[in-house]
Amino acid sequence: MIGPSLPTDSPFAEWCWNLPPSMAIRGTAWAFPVLEILHIAGVVLIFGTVLIVDLRLLGKILRDEPGWQVSGELMRWAWLGFVVQILTGPLLFIANSRKFYDSGFFRVKILLLVLAIAFHFVIVRRVSRSVAAGVSPRRGRVAAGVSLALWAAVIVSGLSIELF
């Protein structure tokens, strides 16, 4: 259960804090931890699939498989992770909106998340389509490195919200 929190200057954060679902989540001992566990499971699904695709683009694993095939086969798991994130993220935010709204790490996480998703769908997927079996071109390695850095930064900034 989330303990008391000081009001914020944000009317939006206060509105979220006072929503009935927000109060219900804060009012039970199990709701917030369950949502957080599901949110982390969604992160694991997304990052796990991204990691496999990026390691393929780096030429470290699945070298006999074309990049498009590896990426395509894993996308259903990434989509499941995105759905879990979309369902749990806003609920976690409203339940603790006072803390999240005033957190610089939260703002950085959202910015990095948008960049990581855009980079994946615009760059990584395009590069993956052009990577043949056994081939790991320079552009694939660069895209994989940037992708891994972005997703790692999303995870670290998300963890930092709770730690700082």
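This is a predicted model: local features need pLDDT of at least 70, side-chain atom pairs count only at pLDDT 80 or more; totals for chains, interfaces and linings use all residues.
A polar contact is a pair of N or O atoms within 3.5 Å; within protein, one atom must be able to donate a hydrogen and the other to accept it.

**The overall picture**

Let us start with the whole protein. Its secondary structure comes to seven helices and zero strands, so the elements run α-α-α-α-α-α-α from the N terminus on. The C-alpha trace spans about 55 × 25 × 20 Å along its principal axes. Of the 164 residues in the protein, 41% are buried.

Helix α4 covers residues 67-95, which makes 29 residues. From its first C-alpha to its last, α4 reaches 40 Å, close to the 42 Å expected at 1.5 Å a residue. Look along this helix for M75: a kink of about 40° is centred there.

Q85 also has its place in helix α4. With a relative accessible area of 15%, Q85 is buried, because buried means under 20%. The side chain of Q85 reaches the backbone oxygen of H39 at 2.5 Å.

Most residues other than glycine have a negative phi. L62 has a positive value, with phi near 50°. At 42% relative accessibility, L62 counts as partly exposed.

**Two salt bridges**

Side chains of opposite charge can pair when their charged atoms come close. How many salt bridges does a search of the whole structure find? The search finds two.

One of them joins R98 to E14, whose closest N and O atoms are 2.9 Å apart. R98 lies in helix α5 (residues 97-101) and E14 in helix α1, so this pair ties together parts that are 84 residues apart in sequence. Helix α1 itself covers residues 11-17. The side chains of E14 and R98 also make a polar contact, at 2.9 Å. Are these two residues buried or exposed? Both R98 and E14 are buried, and the relative accessible area of E14 is 17%.

The side chains of E162 and K99 meet in a salt bridge as well, at 3.5 Å from N to O. Here E162 lies in helix α7 and K99 in helix α5, so the pair ties together parts that are 63 residues apart in sequence. E162 is partly exposed, with a relative accessible area of 38%. K99 also counts as partly exposed, at 29% relative accessibility.

The two pairs can be set side by side:

| Salt bridge | N to O distance | Cited pair location |
|---|---|---|
| R98 and E14 | 2.9 Å | α5 and α1 |
| E162 and K99 | 3.5 Å | α7 and α5 |

**Along helix α7**

Helix α7 takes in residues 138-163, and several of its residues are worth a visit. R138 is found in this helix and counts as exposed, at 64% relative accessibility. How far apart are the C-alpha atoms of R138 and I94? They are separated by 43 Å, with the two residues 44 apart along the chain.

S157, also found in helix α7, is buried, with a relative accessible area of 5%. The C-alpha atoms of S157 and F105 are separated by 5.4 Å, and these residues are 52 apart along the chain.

L159 is another residue of helix α7. Is L159 buried or exposed? With a relative accessible area of 52%, L159 is exposed, because exposed means over 50%.

**A nonpolar patch on the surface**

L159 also belongs to a group. Which residues form a nonpolar patch on the surface? They are F105, L159, L163 and F164, and together they have about 480 Å² of accessible area.

Methods:
Residues are numbered from 1 along each chain as its sequence is written. Side-chain values use heavy atoms; hydrogens and water are left out. Patches are made of residues with over 30% relative accessible area and no salt bridge: like charges are joined within 9 Å, nonpolar side chains (Val, Leu, Ile, Met, Phe, Trp, Tyr) within 5 Å. Accessible areas come from the Shrake-Rupley method with a 1.4 Å probe; for residues, only the protein chains shown count as cover. A salt bridge is a side-chain nitrogen of Lys or Arg within 4 Å of a carboxyl oxygen of Asp or Glu. Helices (H or I, at least four residues) and strands (E, at least two) are DSSP runs, numbered from the N terminus. Buried means under 20% relative accessible area, exposed over 50%, partly exposed in between (1.4 Å probe, protein chains only). The expected span of a helix is 1.5 Å times one less than its number of residues. The bend at a residue is the angle between axes fitted to the seven residues ending there and the seven starting there.
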